[in-house]
Amino acid sequence: MNPRFTALIVGSALGLVVGLSESASAREALRTAVSATERDAICTERPLDGAYQATLRSPALSTVTARLDGGSGDWDLALYSGRDHSVIAGSTYRGPTEVASGYSLVGERLIVQVCRLPGASGKPTLSVDFNRINPAVDPPPPTLLRVATATDEERARLAASGLDITESVGPDWVDVLAYGAEERRHLTRLGLSYSTLIGDLTRRSARDRAGETATPQASPRTSTAGFPSGRSGTYRRLFDYTTELKALADANPGIVRLITLPERTYLGRPVEGIVISRRPAVNNSRPTFLQLGVHHSREWPSGEHALEWGYELINGYNAGDPKALRLVRKTKTIIIPIVNPDGFNASREAGELQGAAGGRGGTDESANIVSHLAEYKRKNCRLVDDSPAGNCNQPALGTAEAGVDPNRNYGGLWGGPGAGTSPTAPDYRGPGPFSEPETRNIKDLISHNQVTALVTNHSYAGLVLRPPGLAGDADVIDEPLLERLGERMARQNGYANQHDYNLYDTTGTTEDWAYLTAGALAYTFEIGPRNFHPPYSETIDEWRGTSPLTPAGGGGNRAAYYRIATTVLRRRSHATIFGRAPKRGKVVIKKSLLTATSPVINQNGVAGAVIRFQDRLRSAARIHRDGSFKFAINPSTRPLVARPGGRQSSGGASRERWTIVCHNRDGRRTGKRKLYIERGEVKHLDLRHHCGRKRSRPAPK
């Protein structure tokens with residue numbers, strides 16, 4: 001048993017903490033320039049000889065954050081418990097800037113370790129801060145209510161109520177957490193009927209937790225069964241992801257490239273991922289499959305499955321597996337396992353401290369949420385006052401917490417039903433479309449790559465979801481293709497194949513923006529039948545097809561991902577242009593368009609004006625030495641149809657053409673032309689006239 005977990009149970013319960021004290025409680029314990037002996041070792045595995053080390057003592061139950069900045073090359077950072085050398089926090093990004101944060105107990109001795117990896121130099125600055133955590137004033141006991149929502153209008157009223165809506169949803173009901181009699185009266189005033197499922201969730205959760213300290217947790221990588229990485233036992237922590245991404249890129253340079261997205265999070269963390277393709281460092285024009293994990297902090301299985309898909313392709317390619325060989329040679333796969341690293345780190349480290357490294361089960365997830373609040377954080381770490389800054393340890397009560405839900409912040413249809421208007425709502429949309437660095441990162445990634453298809457992974461509900469997100473919207477023009485592909489994936493994992501709105505109305509989601517703006521075949525996977533981070537063995541079962549949901553002959557999410565990745569190869573999933581252009585250089589395809597939000601709903605539930613903002617899509621293909629090029633692109637139409645909100649649902653797609661621009665080997669633009677092309681169409685282009693010699697202007701008359 002982890003002695004830090006035992007000390008927590010005996011001492012103070014993080015699950016009953018609602019946040020930080022005033023900023024005066026923040027204390028900088030260390031600031032110094034550091035140097036270390038170069039070591040080719042993993043900084044977060046153990047204390048290392050030759051690494052810089054300093055010993056500190058925690059003044060109270062606190063969050064502890066260590067930062068490293070300056071120097072050059074690759075440096076890593078770790079915090080260890082002086083009691084047993086267990087890792088409290090770590091940061092292993094590629095480069096010299098690191099942010100490691102976790103939780104420390106009263107009087108706990110900590111070891112801070114800075115590691116200099118091969119090729120690194122300089123003396124970066126190390127700082128360590130403690131932020132005291134204060135226990136909450138006892139709130140009213142939370143009650144679990146089942147609210148009747150037989151109509152869309154009743155669902156809309158509940159969504160705008162400001163109450164804590166859970167993920168437990170049925171065809172004509174939604175479960176809600178209520179705190180005190182006033183919130184129950186609020187439901188009555190809204191004309192919503194309800195029944196009480198559990199009168200005091202705190203008492204229920206206390207019973208559920210009684211046996212937790214006796215439950216041993218397995219160690220990672222104790223067997224090779226299950227996941228292609230060989231991992232078993234415990235969920236990855238943030239530094240595990242970044243360590244493995246670096247290792248995969250270093251070990252497989254011919255097919256794997258490590259990428260860092262352009263914006264850092266509020267706490268200064270990079271967002272990293274990998275590209276898997278033959279010659280991944282070359283600007284290539286292959287059809288692209290994008291895998292995304294952990295928009296929502298507590299949904300740990302989503303990152304596991306996204307990264308394991310990378311292992312699946314890499315291991316299969318190296319072993320000569322025909323399916324993996326075909327995908328790596330003919331497509332491009334991009335994997336971002338942790339979209340929201342600040343929130344995930346806060347959730348995962350709270351789980352580590354509270355004994356949930358191997359997941360947490362039970363039939364009542366609401367009881368888990370109210371008794372392990374930091375562990376069940378959902379959103380990013382924007383400040384509750386909406387200022388453009390962040391802190392992961394702001395006050396929380398039940399599912400109400402500070403921060404923005406990244407999966408309600410994408411610009412397409414932002415601000416409509418199914419997205420909270422209050423900064424403490426679990427599904428808060430943010431102060432504006434694409435206001436968050438996490439969503440701007442994914443927007444930039446999709447805007448600069450021809451993403452043919454994507455899966456954004458979440459948990460839990462056992463669903464394959466596709467656009468649109470609003471029940472009032474017409475089916476999208478690619479509905480037959482999206483429905484058929486969703487059904488093929490559902491036959492593998494046993495999930496229900498349905499529209500987003502069949503779960504509940506949502507706006508500002510990843511798939512709505514990616515499909516409606518960029519033309520990507522976009523899906524959400526809700527992994528597993530219950531629990532946001534169930535026992536790790538269940539997450540493995542969902543991957544390999546041994547889950548109770550998996551039908552006979554199904555292969556789980558592994559097989560479902562193969563279905564969509566293989567679809568990316570097929571001609572009907574994208575458009576293809578090929579032909580000739582002036583030798584060398586590159587062909588750039590771009591378009592600029594105005595994207596509309598929903599009529600923006602204010603805090604009183606009243607819909608107002610639509611916001612329009614600029615979207616720019618741009619990607620490049622290399623022109624070969626013989627002057628040939630080939631490019632898989634998304635259709636030049638934008639797959640919007642007329643919506644019933646303002647006019648009759650009729651008409652076809654918006655016609656917005658691509659502009660093709662030629663650049664010579666020095667990067668100078670040499671010509672352009674317009675292109676209109678549909679999904680599944682193949683078009684030959686001879687660009688030598690448009691992109692060759694400069695045409696002389698006619699002499700003035």
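Modeller: Helices here are DSSP runs of H or I with at least four residues, and strands are runs of E with at least two, both numbered from the N terminus. By that rule the chain of this predicted model comes to 14 helices and 32 strands.

Biologist: What makes Cys43 buried or exposed, and what of Cys115?

Modeller: Buried means under 20% relative accessible area. Cys43 has 0% and Cys115 has 3%, so by this cut-off Cys43 is buried, and Cys115 is buried as well.

Biologist: How many disulfides does the rule give, and what makes the link of Cys381 and Cys392 one of them?

Modeller: The count comes to 2 disulfides. The sulfur atoms of Cys381 and Cys392 are 2.0 Å apart, which is within 2.5 Å, and the pair therefore qualifies. With 90° about the S-S bond, this link is right-handed. Cys381 and Cys392 both lie in the loop between α9 (365–371) and β18 (396–397), so the parts tied together are 11 residues apart in sequence. Both cysteines, Cys381 and Cys392, are buried.

Biologist: What makes β26 and β31 the edges of their sheet?

Modeller: The sheet is open and has 4 strands in the order β26-β25-β30-β31, with antiparallel pairing. β26 (612–622) and β31 (669–675) each have a single partner strand, so one side of each is left without a neighbour in the sheet. On average, neighbouring strands of this sheet are turned by 20° against each other, direction ignored.

Biologist: How do you know that β30 and β31 pair?

Modeller: Pairing requires at least two bridges between the strands, and 6 bridges join β30 (residues 658–663) to β31, so the antiparallel strands meet the criterion. Val661, for example, has Lys672 in β31 as its bridge partner.

Biologist: Which helix packs on this sheet, and what does the helix touch?

Modeller: Helix α12 (residues 510–518) packs on the sheet, touching β25 (586–596) and β26, and the direction of α12 makes about 70° with that of β26.

Conventions:
Residues numbered from 1 in each chain as written. Predicted model: local features only at pLDDT ≥ 70, side-chain atom pairs only at ≥ 80, totals over all residues. Heavy atoms only, no water. Buried < 20%, exposed > 50% of the residue type's maximum accessible area, 1.4 Å probe, protein only. Axes fitted to C-alpha atoms, helices over the stretch in contact; angles between N-to-C directions. Contact = heavy atoms within 4.5 Å.
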